[in-house]
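Subject: The model I promised you

Hi,

Here is the structure we talked about, ready for you to open. Have a look around first, then read my notes below.

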Amino acid sequence: MSDETKSLNFIELIVEEDLANGLPADKLRFRFPPEPNGYLHIGHAASICLNFGLGKKYNAPVNLRFDDTNPAKEEQEYVDAIKKDIQWLGFQWDKELYSSDYFEQLYKWTVQMIKDGKAYVDDQTSEEIAAQKGTPTTPGTNSPFRDRSVAENLELFDKMRKGDFKDGERVLRAKIDMAHPNMHMRDPIMYRILHKAHHRTGDQWKIYPMYDWTHGESDYIEQISHSLCTLEFKPHRPLYEWFVDQVYTEGLKPKQREFARRNLSYTVMSKRKLLQLVEEGYVNGWDDPRMPTISGLRRRGYTPESIVNFSELSGISKRENVTDVALLEFSVRDHLNKIAHRRMAVLDPIKLIIDNYPEGKVEYLPSENNPEDENAGFREIPFSRELYIERADFKEAANRKFFRLTLNKEVRLKNAYIIKGESVVKDAEGNILEIHASYDPLSKSGSGTEESKRKVKGTLHWVSAPHSVPAEIRIYDRLFLDEAPDGHKDRNFLEFINPDSLQIDRKARLEPNLKDAKPGDRFQFTRLGYFVVDPDSTDGNLVFNRTVSLRDTWKKK
């Protein structure tokens, strides 16, 4: 077996086997079929990367097909967001299609099935139908309306289409086998009445096809070679194949195959639960940076490359599993480390005054933009007598393991000088207002002097007080405290909401090179983590979101 064959995932092996068994390569066609009833999340990224990745690997077209069969939950907003997310991830579809494009064809096929005695109108309620379905170990019982005449079924189905009945008053069911061991084959519903305007077809239809009926038929119309679904659709596969057999006449017969959905620790993937988080105000919209949505990750500062790489690292599996969110965080750290420019920012500033530095003097000190990128160049940072450092970087007295600034101890200011703590100024309550220090004028970084080569154990980041710019910093953390928030049968997932998942800091001061940063620009703040400019930013009012810390600190918590 070649190395290339060894590296193939099981879906690729299926494709390779089909090609080896005679499927022409030019007949390969894939699709990504989202339902436009919510925003895409990191779990959908697995399917996006799989389908579009196969398209790229085999030079085959990939359709974007919106399975828009439920107007009660679907909106154009979701269609637009889905298209934006896929393109942002770096993929482009061949054709943009909609299941609603096929409503008329589906209706015609259904009429023929009624004529063939393979579908009937049922007057029962959904509860009555469910009760008749039986159990996995006991057969179901036939509907009392199962043997209606073809003529009566055609007449009733026509009235259903015209809107003569109320929602739920009747359904159309396929006539298969109420004793079938697979419960999905026990006369499944094909159409339900729904007096709702559709985002594309308006009020044209009063009946809408069910997903199981629409799915395979849409694949057949589009001549999809491999219809890739998540594992919950595996029991539906016999029904998928039965429905396709009812309409198949020529061309390629699509093949459904299943893979495990992507589950992520410390989050939920159910669109229903994500919608609940939005509607009940636990987050600030679908693109809240705490959400696992693609738009939320984008706003948080994730790169498309990091998400695609995460999908590749996670792999395609046959069995359900949970991927550690730390792998997702590793992926974005790894990419941002390579591309993000370094900047200095002080989130909790305290003033540091260098008493022996000349008043009014300003130096511009060179600093690397990114040591991982030799082409990133340098920038100049202003240095003056009055600086800001992090409040946590100073203690009046500290033990030997405190490698930051304290009185009578030396530390280096990054890219600048070695300083020594001399004294502090306090208010009436004993709170430190200012730190006073002295500096060694011969110790400038990179100057080549003997003094500049002296080793001190601490290096602090800083900004020049008169040159710094203010900013709002939003520190995002995991939205849930529990590794599996929706994995407890006796507890609501909302009980595990992290009350500290968002902390807002409006005291921060940044180096002036950041004053013209634009929404979406990403940076590494020295010693603090990776940050991105939020769309809420305006001229003179910068807002940064923390994407991720420099290291995984969650396990320590």
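Let's start with Q132: leaving out residues up to four places away in sequence, Q132 touches Q124, G140, T141, N142, S143, P144, R173 and M178, where contact means heavy atoms within 4.5 Å. Q132 sits in helix α6 (residues 126-132), and Q132 is buried, with a relative accessible area of 15%. Buried here means under 20% relative accessible area, exposed over 50%, and partly exposed in between (1.4 Å probe, protein chains only). Helices are DSSP runs of H or I with at least four residues, numbered from the N terminus.

A quick word on the ground rules. This is a predicted model, so local features need pLDDT of at least 70 and side-chain atom pairs count only at pLDDT 80 or more, while totals for chains, interfaces and linings use all residues. Residues are numbered from 1 along each chain as its sequence is written, and side-chain values use heavy atoms, with hydrogens and water left out.

Now find Q76, in helix α4 (residues 76-88). Q76 is partly exposed, at 35% relative accessible area. P36 is 40 residues away along the chain, yet the C-alpha atoms of Q76 and P36 are separated by 7.6 Å.

Next, a helix pair. Helix α5 (residues 103-115) and helix α8 (residues 211-222) pack at about 110°, with axes 11 Å apart. Axes are lines fitted to C-alpha atoms, for helices over the stretch in contact, and angles run from 0 to 180 degrees between N-to-C directions. α5 and α8 are therefore roughly perpendicular (65 to 115 degrees; under 35 is roughly parallel, over 145 roughly antiparallel, the rest oblique). On the α5 side you'll find Q105, L106, W109, T110 and M113, which meet W213, T214, E217, Y220 and I221 in α8.

How much of α8 is buried? The count is 10 of its 12 residues, so α8 is largely enclosed by the rest of the structure. Among the buried ones are D212, W213 and H215.

Notes: Helices (H or I, at least four residues) and strands (E, at least two) are DSSP runs, numbered from the N terminus.
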